[in-house]
There are 2 protein chains.
Amino acid sequence: MAFRYQRLTRALLDDIQKGRWQAGDMLPSVRQLMQRLQLSRATVLHALGELEAQGWVEAQPRRGYFVNPRPAKAPTATPSSLEAAPRLLSIDDVVHDVMLKGAAFDLLPAESRFDAKPPAIELLHRAISRAMRHTKGAQHQHYEDPAGLPELRDTLAHRLRQQGCTSQAADIVVTHGCQHALLLALKSCTQPGDVVAVESPGYFGTLQLLQELGLKVLELPCDPATGLNPADVAKALTQWPITALVLTPSFATPTGALMPLEARLALAALAKQHRLTLIEDHIYAELSFSSAPLPPMLALAPEHTLLCSSFSKSLSRDLRLGYVAGPAFTKRLAQLKQITSLASNRLIEQGLDEFIRRGDYDRHLRREQQSLRVQRNALLDLLAQHFSDCHHRVPDGGLCLWLNLEPELDTLALYQRARQEGIMITPGPMFTSQQGLYRHCLRLSFAHPWSGPRRQALARLRVLVDGLKRGGKSEI
Amino acid sequence: MAFRYQRLTRALLDDIQKGRWQAGDMLPSVRQLMQRLQLSRATVLHALGELEAQGWVEAQPRRGYFVNPRPAKAPTATPSSLEAAPRLLSIDDVVHDVMLKGAAFDLLPAESRFDAKPPAIELLHRAISRAMRHTKGAQHQHYEDPAGLPELRDTLAHRLRQQGCTSQAADIVVTHGCQHALLLALKSCTQPGDVVAVESPGYFGTLQLLQELGLKVLELPCDPATGLNPADVAKALTQWPITALVLTPSFATPTGALMPLEARLALAALAKQHRLTLIEDHIYAELSFSSAPLPPMLALAPEHTLLCSSFSKSLSRDLRLGYVAGPAFTKRLAQLKQITSLASNRLIEQGLDEFIRRGDYDRHLRREQQSLRVQRNALLDLLAQHFSDCHHRVPDGGLCLWLNLEPELDTLALYQRARQEGIMITPGPMFTSQQGLYRHCLRLSFAHPWSGPRRQALARLRVLVDGLKRGGKSEI
């Protein structure tokens, strides 16, 4: 219990319990706490969120955090007699709803999309169709090697070597996307009941997997600019029996953070020293706006890393092809692939492999990086216009940034309000397992061009935020 | 502990322990035990296998079962100083090896296949290519509904209704094949530590899943002709807290058994009475040689059944598209699909849906059923020619039959011997978690035409069997 935010939580709580601040008192502002204690905004908000979750303080619109009368009582739920819309009952429901709407990285649900199919997808589909036409033999009659098409694994290994890894085709298992890769990675190195550390805020799919696999989660605070702090990891390792650490060193969702090289090196050293398995979510790494990407953890601690990735963020969400690379776990990974889904679709693998080998994927990536940079900049302009009072960092890659609304704003309520108008958001609480955390935060994606309807949706979101503030908090 | 085979095991053991049979004595023959005790061959072999596994008796070539000197000692492994080939260490390794060779349903590994691509696969591939060409919008930019393409789910529900179910699209979740469907089904209705009953002998993929999910397995004897006996299930339910029963009522692997209607009705009643969840592996059901297929368990006990299937056995192993239908579990299934792999490949789904809706799938099935019947008959002829001394049943559908070699034959040794000559078999021990069971059994598939090389492989297998018998038993 000795992360910075935890120390701050305890210090503030101490002051409340000793009567320094009493019921109705306003706590120092976030800015004051940051300056006075030399802490990051993330740390301060983390601590205040914790206190709010425990019922000690309450955020008030446009004012700040106020101490609650004690004993803090759980509010009694009074079901409305006329519930117009079905209510979302849990974060899992929100995730399911967002997925169902095809809106994980958009303000608009899938049915209202209007972007055209880019030439690269045309080329990819042609390559897959060619693979289908050229199949002469009885390929449909037998299952692919569970580990995946050897040629594609070779191509993937080649790409990883270009990023500084020593990967071979034999180290790689092809999966049905990155989520499936994370499943295999987690199962290959943990047993139910093990402690797994994750980034906070972090990817909701990882949290769901941990719950599903009966693993204990330890959330480590993640700076929106630089990601995990190795000192926090080191401290956690002395306190808890951590088996694995799931992290996204490059352009993590939801923050877009990029771990600097020194932090990566320090983490690699920790992994070796403590025999800690790093599960590296690499899915956004090829979406870097800088010309010199940082080496993945797999390059720095190969024996202790399971790198998970897919083509869903960089090429097509619909391809359902990912991979996991972990030289120390290969046999177990292939076995888990076979047990969970037997094999992959070879024709898709062949088409993708041809697409990559012809250089079409790299050409597509360069265009995609440019488009994303343009779209990020357009989002920054829109934020300056509509959300100038809200804090965020400027990510140098990936698909999203992390918007801090005023502490009292409840983005779960905003989610429900926006949804009624056909606008989809991914509210902060989706990215943590700790109740009450990140309630005022929002992931915003720049995965799509800022066409008229998306601009309007963002402008409208501002109006909804203001409306919520006037109307006060509402519960999920 | 009161199945017929268990009672026989105990009775025989009792006789041995009381000295009625002593070290070196020969037990009554399988045929004698069958006639004397009015038991099926499967039951007697099950019991003798159990005694052999426990070290009480030993099978001797062409003679029978002999009582071992006591105390039965585990043989000391003496590693050979010159091991020419790597040894297979476990059943999991055999499964992996078979999968790697693409030989799950063939005597020949994938690389030596010569069958041409049938017209139906050509049509299917064209339909998928059409789906790719006709994608105009930004489909690649968002994830499919985790439950799968609504149109395809509608088509699948329609097919299930034709089989007597009341399914709707909303009851169905599309998966990456039947193995993935079984994973979701098991996870949706069990917790680690629960007892799950399965058929014995039964599908190895189910056994692997149970182990992976931390579930306890209870193997119920499965008659090669009629499958599970509801009386055995009823008895087991009074003795153990069984959460789910995984079964393949139509043309189970490895036996090809078909559960009669009365047994299905009795099982449906048991499921309702005991709130037992039936996980129905439906993957071979459309490969029936009879004109009137029996209703699936989903039609008879809809609230207690999770039907799992795919197109891998009936159309293409490479498609990687399956589904699970369970009206009582739909929400949980969709959530598990999302957690384990996010979504499916919509273009494949669209192509398959068009293929089914145009009637191409049904035309293909009719041709396939005819071909399989011809291939089964050819296998029966070949067995009469080469294995006339071995017992088997004649399945009325599916892809395989279950060959009983002489009790002393070790098919794991045969597996290794055959593999050296490029012949792949699926030995009996792959289909049970109980050590020593089905060592003398073999699954033979008629999924492929009996072309010259496959005929030669089967003839050669006979020679290898005889060689093994002369050479005595060899350990895996």
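Mentor: A salt bridge is a side-chain nitrogen of Lys or Arg within 4 Å of a carboxyl oxygen of Asp or Glu. The structure above is a predicted model, in which local features need pLDDT of at least 70 and side-chain atom pairs count only at pLDDT 80 or more, whereas totals for chains, interfaces and linings use all residues. Residues are numbered from 1 along each chain as its sequence is written, chains are lettered from A and ligands numbered from 1 in the order in which they are written, and side-chain values use heavy atoms, with hydrogens and water left out.

Trainee: How many salt bridges does this rule count over all chains?

Mentor: Side chains of opposite charge can pair when their charged atoms come close. Applied over all chains, the rule brings the count of salt bridges to 49.

Trainee: How many residues does domain 2 of chain A bring to its contact with domain 1 of chain A?

Mentor: The domain assignment, which is automatic or taken from a database, divides chain A into domain 1 (4-67), domain 2 (119-358) and domain 3 (377-468). Taken over C-alpha atoms, the centres of domain 1 of chain A and domain 2 of chain A are separated by 38 Å. Where they are in contact (heavy atoms within 4.5 Å), domain 1 of chain A contributes 6 residues, and domain 2 of chain A contributes 7 residues.

Trainee: Which element gives the most to the side of domain 1 of chain A that touches domain 2 of chain A?

Mentor: Helices here are DSSP runs of H or I with at least four residues, numbered from the N terminus. The count between domain 1 of chain A and domain 2 of chain A is 0 salt bridges. On the side of domain 1 of chain A that touches domain 2 of chain A, at least two residues come from each of α1 (4-17) and α3 (41-53) of chain A. With 3 residues, the element that gives the most to that side is α1(A).

Trainee: Is T43(A) buried or exposed?

Mentor: T43(A) belongs to helix α3 of chain A, and, leaving aside neighbours within four places in sequence, T43(A) is in contact with R4(A), Y5(A) and L8(A). By relative accessible area (1.4 Å probe, protein chains only), a residue is buried under 20%, exposed over 50% and partly exposed in between. Because its relative accessibility is 9%, T43(A) counts as buried.

Trainee: How many residues apart in sequence are the parts that the pair of D97(A) and R419(A) ties together?

Mentor: Since D97(A) lies in helix α4 of chain A and R419(A) in helix α15 (residues 411-420) of chain A, the parts tied together are apart in sequence by 322 residues.

Trainee: What area do chain B and chain A bury between them?

Mentor: The size of an interface is often given as the accessible area lost when the parts come together. Buried area is the accessible area (1.4 Å probe) that two parts lose on being put together, summed over both. In this model 67 residues of chain B are in contact with 67 residues of chain A. Carbon and sulfur atoms carry 55% of the area buried between chain B and chain A, which is about 6,000 Å².

Trainee: How many salt bridges are counted between chain B and chain A?

Mentor: One salt bridge pairs R332(A) with E212(B), at 2.7 Å between the closest N and O atoms. Another brings together the side chains of K331(B) and D93(A) (3.2 Å, N to O), crossing from helix α12 (residues 330-341) of chain B to helix α4 (residues 91-100) of chain A. K331(B) counts as exposed at 59% relative accessibility, whereas D93(A) counts as buried at 16%. Between chain B and chain A, the salt bridges come to 8.

Trainee: Which residues are linked with R358(A) in a network of salt bridges?

Mentor: R358(A) is partly exposed, with a relative accessible area of 48%, and forms a salt bridge with D360(A), whose closest atoms to it, N and O, are 3.7 Å apart. D360(A) is buried, with a relative accessible area of 11%. The network links R358(A) with R130(A), E354(A), D360(A) and R363(A).
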